[in-house]
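Dear colleague,

Please find the structure below, handed over for your use. A short account of the findings follows it.

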Amino acid sequence: MKRIAIASAKGGTGKTTTAVGLAHALSLCGLRVLLVDCDPRRHAAMQFGLPADPGLAALLQGGEANATEVRPLLWIVDSGGDELLQLEPALVTTSPRDCLWTRALRSMSGLDVVVFDCPPAPAAVQLHTVFVSDLVVIPVASDAFSLEGCQTLLRSLERAWGDEAREKSLAVLPTFYDPASESTRLFDTQLQPWRSTKVLQTRIRPSDSLRCAATRQRTIFEDAPESPAARDYLCLAEEMRAFVH
Ligand SMILES: Nc1ncnc2c1ncn2[C@@H]1O[C@H](COP(=O)(O)OP(=O)(O)OP(=O)(O)O)[C@@H](O)[C@H]1O
Ligand SMILES: [Mg+2]
């Protein structure tokens, strides 16, 4: 079982859209996927119309987390909303190694991949999530501030774990990537020095279909399966499959 965290210290870069798109795409490829909503705002859970559930917050307090099967081969654990937010001070002082969540994940079986949708702030919940992940995908919205959000996340990881952070597999995913735009061309030049960190081949293009799908509480594969955005997320799933196996 591989664990993939979708994280960045910058808001609005397409983390939830990527977590939902990637999780559903991988399940459509026949993998057994668990999507864990790690954001107290519950955006991933909301996109599937899930009623509020203590989920991750319950797990972190020693209880059980409900995993709801929302689509064939795709399960979701809710974040627990405000209850998760209230656990933040306790998480700050807990080592990820001792965290109940780390232990719970280690004992999980029967899944091929777990995808975590992280909140934007470099909060303890994000650091713990990254700690338990095998790969961290960092969506970068093809602009300078998003790259800065990526750097902020890397700095927080280094502060939290020093050298151990450098051993994490990290991959930058350009989102809102429009090759015809001047800003994307500028972004490409800024990305050059980053080639030492893996930059994924997949590019997620700007697409109104993604916003419409989220508004209708459907995934892109249900709402606009023929759209360029659906193709982009299938492409990402293909790239990730090489990592999952
Ligand atoms: N490629 C895209 N093209 C157009 N709109 C997009 C794209 N990706 C995401 N969006 C839209 O942009 C908004 C922010 O996306 P999303 O919620 O996935 O970002 P996020 O990084 O999870 O945000 P937050 O940091 O607040 O959790 C949403 O309205 C979403 O539908
Ligand atoms: Mg989000």
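The side chain of T175 makes a polar contact with the backbone oxygen of T13 at 2.7 Å; a polar contact is a pair of N or O atoms within 3.5 Å, where within protein one must be able to donate a hydrogen and the other to accept it, and residues adjacent in sequence count only if both atoms are side-chain atoms.

This is a predicted model, in which local features need pLDDT of at least 70 and side-chain atom pairs count only at pLDDT 80 or more, while totals for chains, interfaces and linings use all residues. Residues are numbered from 1 along each chain as its sequence is written, chains are lettered from A and ligands numbered from 1 in the order in which they are written, and side-chain values use heavy atoms, with hydrogens and water left out.

T175 sits in the loop between strand 7 (169-174) and helix 10 (182-191); helices (H or I, at least four residues) and strands (E, at least two) are DSSP runs, numbered from the N terminus. T175 counts as buried because its relative accessibility is 2%, where buried means under 20% relative accessible area, exposed over 50% and partly exposed in between (1.4 Å probe, protein chains only). Leaving aside neighbours within four places in sequence, the contacts of T175 (heavy atoms within 4.5 Å) are T13, T18, P139, V140, A141, S142 and I204.

**Ligand 1**

T13 also takes part here: one of its backbone N or O atoms lies 3.0 Å from an oxygen atom of ligand 1. A polar side-chain atom of T17 is 2.5 Å from an oxygen atom of the ligand, and an N or O atom in the side chain of R211 is 3.4 Å from a nitrogen atom of ligand 1. Taken alone, ligand 1 exposes 630 Å², of which the protein buries 84% (Shrake-Rupley method, 1.4 Å probe; for residues, only the protein chains shown count as cover).

**Helix 8**

Helix 8 covers residues 144-161; at 1.5 Å a residue its 18 residues should span 26 Å, and its end C-alpha atoms are 26 Å apart, which agrees. The expected span is 1.5 Å times one less than the number of residues. At the start of helix 8, a side-chain oxygen of D143 reaches to within 3.4 Å of the backbone nitrogen of F145. Buried residues in this helix include L147, L154 and W161. Just after helix 8, G162 has a positive phi of about 55°.

Yours sincerely
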